[in-house]
Amino acid sequence: MQNKGHMSALTRQRVRSAWVFLIPMLLVLAGVAAWPLLRTIYFSFTDASLDDLASARWIGLTNFIYLLGDPDWWHAVWNTFFFTVCSVSVETVLGLIIALTLNAHMPGRGLLRTAVMIPWAVPTVVSAQMWGWMFHDLYGVINDTLLSLHVIREAKAWTADPHLAMIAIVIADVWKTTPFMALLILASLQLLPHECYESARVDGIHPIKVFFKVTLPLIKPGLTVAVIFRCLDAMRIFDLIYILTSNSRDTMSMSVYARQQLVDFQDVGYGSAASTMLFVTIALLTALLLTLSKVKPGKEIA
Amino acid sequence: MKAAFYLLVAVIVLYTVFPFYWAIVSSLKSGSALFSTDLWPKESTLANYRSIFLEQPFGRNILNSILVATATVSACLFIAVTAAYALGRIEFRGQGLLLMLILSVSMFPQVAVLSGMFELIHALGLYNTRLGLILSYMVIVLPFTVWVLTTFMRALPKELEEAAIMDGATPWIIVTRIFLPLLTPVLFTTGILAFIAAWNEFLFALTFTLTNNMRTVPVAIALMSGNSQFELPWGNIMAASVVVTMPLVLLVLAFQKYIISGLTAGAVKG
């Protein structure tokens, strides 16, 4: 009995020091995350402008009413969802193919893995500029190659043509983010037991059938988490779109829209309303995805 | 079958490597050669590289990026070690909620804190300074660092600290004497990943700096403009891109295993 009392005193001491250990992090996060977030939400109910934040007046829901009535905003919402769905589905398929290839036993596997890691190491801004240059309408290597292969008849304005610009953005994004997806899938693949495959091979089951019947169900939890992470990341896209097509209405994402209002038009109140809407959208989407996929964050690292 | 597999491998390598290869090739061409699509420049020249360092403050931009990223990562690692110990090794009420909160901070859109952060940085007199960038980068780097370190802390065996607890060691002693030495490779891994995240950050750096001298590398590359207002100085942009990407690619080459372990630990396991 005495021992138990001693343990709980020890536990209490450890819990106390846990909170002491957490204080610096909590203070910093309160200062740089919670406070700015709350201020942004507050600004969204005011007419604050960038050069004079102090004289912001409360105007209620006015910003939100204007926002929901702005076709450009809805276009940005549509662009963001379109981009997220296209980009994440393509990179999941490509990531699976690359991960399965990396998982195969073959000479030079390390070299292949290094090659696959290169796009991940390239900063997004650099990748955007690289693709912008390759997509150049007059001197771009993509037009040049496609023309000489007779795939297209005339040079395309990849980043200026409203019908092509979003495709160009998705292509550039997929290139940059597929390695991350492939590495996460590879990590799940390497945990799979060899026995399943051995018996499947002995039974002479076709590899493609093995993939859909054995591999895919087994890696599904890991794959789901990777897809959710990438979806949430894609929803906040800014850099790539801002650099490839600047503030073009045709390809603008919700983040680009919010920043344009906030900084270029100096309308902090309205821009904050757009940011707040993006924040709420992502929060709702997170809740929805977590419920549908039955993933429990916080437990998974136990 | 085997041939098809190697063809697939070749296609993957071409796909992942070509864009960066093309940036290198383009950076070595100048004048009208830039507009030809030769796979290797007929006459290589370093003119673009000279231009970015002599005609633009690119050296200064690199220095800014190094200073900001290093300071952010050091501060975050320092704060994150004790926090990760508390979250990973001690059980207390509200722990799950706290972890959820940290994860959601790392997933929320940067633009959602943009105006609040702008106000904060202005109020502190840190607009257009490196310190302002360091402060704002904490919101990106700190949650990530804590999350990855917590994952690694949990993976360490329980017996490690039991003996120390029996000997009456305080949690502070346990962290600094037992965990810190064991975690050196992990801190290194997390540090590299956090450094890359800070090095690549764009939105805050674009919004919270004004002059070319205070810009970080990504902003400098994004806003690079030349003499002609109709055409971007693509040669210069590619040279700058190669300069900032090469160290990262070499880092990946050298520490591939560490980086992959850190990346997979950072993403939750199902």
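## Burial and a first residue

A residue is called buried if 20 or more other C-beta atoms lie within 10 Å of its own, exposed if 12 or fewer do, and partly exposed in between, with C-beta atoms placed from the backbone. By that count D233(A) is partly exposed, with 17 other C-beta atoms within 10 Å. D233(A) sits in helix α9 of chain A; helices here are DSSP runs of H or I with at least four residues, strands are runs of E with at least two, and both are numbered from the N terminus. From D233(A) to H163(A) it is 24 Å, C-alpha to C-alpha, across 70 residues of sequence.

## The model and its confidence

Please keep in mind that this is a predicted model, in which local features need pLDDT of at least 70 and side-chain atom pairs count only at pLDDT 80 or more, while totals for chains, interfaces and linings use all residues. Residues are numbered from 1 along each chain as its sequence is written, and chains are lettered from A and ligands numbered from 1 in the order in which they are written.

The scores for the model are ipTM 0.91 and pTM 0.92. The average pLDDT (the predictor's confidence in each residue, from 0 to 100) is 90 for chain A, where 95% of the residues score at least 70. For chain B the average is 89, and 96% of the residues score at least 70. One stretch to read with care is residues 298-302 of chain A, where pLDDT stays under 50. For that stretch the model has eleven contacts beyond four places in sequence, two residues being in contact if their C-beta atoms, placed from the backbone, lie within 7 Å.

## Chain B at a glance

Chain B has eleven helices and zero strands. Its C-alpha atoms fill a box of roughly 75 × 65 × 30 Å, taken along the principal axes. Of the 270 residues in chain B, 48% are buried. If we take the contacts in chain B between residues at least 6 apart in sequence, 74% of them join residues at least 24 apart.

## Where the chains meet

On the chain B side, 76 residues are in contact with 79 residues of chain A. Helix α11 (residues 234-266) of chain B gives the most to this side, with 14 residues. Sorted by class, the side of chain B that touches chain A has 55 nonpolar, 18 polar and three charged residues. For these classes, Ala, Val, Leu, Ile, Met, Phe, Trp, Tyr, Cys and Pro count as nonpolar, Asp, Glu, Lys and Arg as charged, and the others, Gly among them, as polar.

## The nonpolar core

A nonpolar core is a set of buried Ala, Val, Leu, Ile, Met, Phe, Trp, Tyr and Cys residues joined through C-beta atoms within 7 Å. The largest one has 163 residues, and those with the most contacts inside it include I185(A), A274(A), A83(B) and V141(B). Helix α6 (residues 130-155) of chain B provides the largest share of this core, 16 residues.

Apart from its neighbours within four places in sequence, A83(B) is in contact with F21(A), L22(A), M25(A) and V146(B).

## A helix pair in chain A

Let us return to the helix that holds D233(A). The axes of helix α9 (residues 207-235) of chain A and helix α12 (residues 268-293) of chain A come within 11 Å and cross at roughly 170°. Axes are lines fitted to C-alpha atoms, for helices over the stretch in contact, and angles run from 0 to 180 degrees between N-to-C directions. α9(A) and α12(A) are therefore roughly antiparallel to each other, a term for angles over 145 degrees.

In this pairing, T224(A), I228(A), C231(A), L232(A) and M235(A) of α9(A) meet I282(A), L285(A), T286(A), L289(A) and S293(A) of α12(A). The contact has seven nonpolar, three polar and no charged residues.

H150(A) lies in the loop between α6 (141-148) and α7 (162-189) of chain A. Its phi is near 60°, a positive value in a residue other than glycine, and H150(A) counts as exposed, with 7 C-beta neighbours inside 10 Å. N128(B), in the loop between α5 (114-123) and α6 of chain B, also has phi near 60°. With 14 C-beta neighbours inside 10 Å, N128(B) counts as partly exposed.

R215(B) belongs to the loop between α9 (203-208) and α10 (217-223) of chain B. R215(B) is buried, with 24 other C-beta atoms within 10 Å. Leaving aside neighbours within four places in sequence, the contacts of R215(B) are N61(B), N64(B), A205(B), T209(B) and A220(B).

Technical notes
Parallel < 35°, antiparallel > 145°, perpendicular 65-115°, else oblique.
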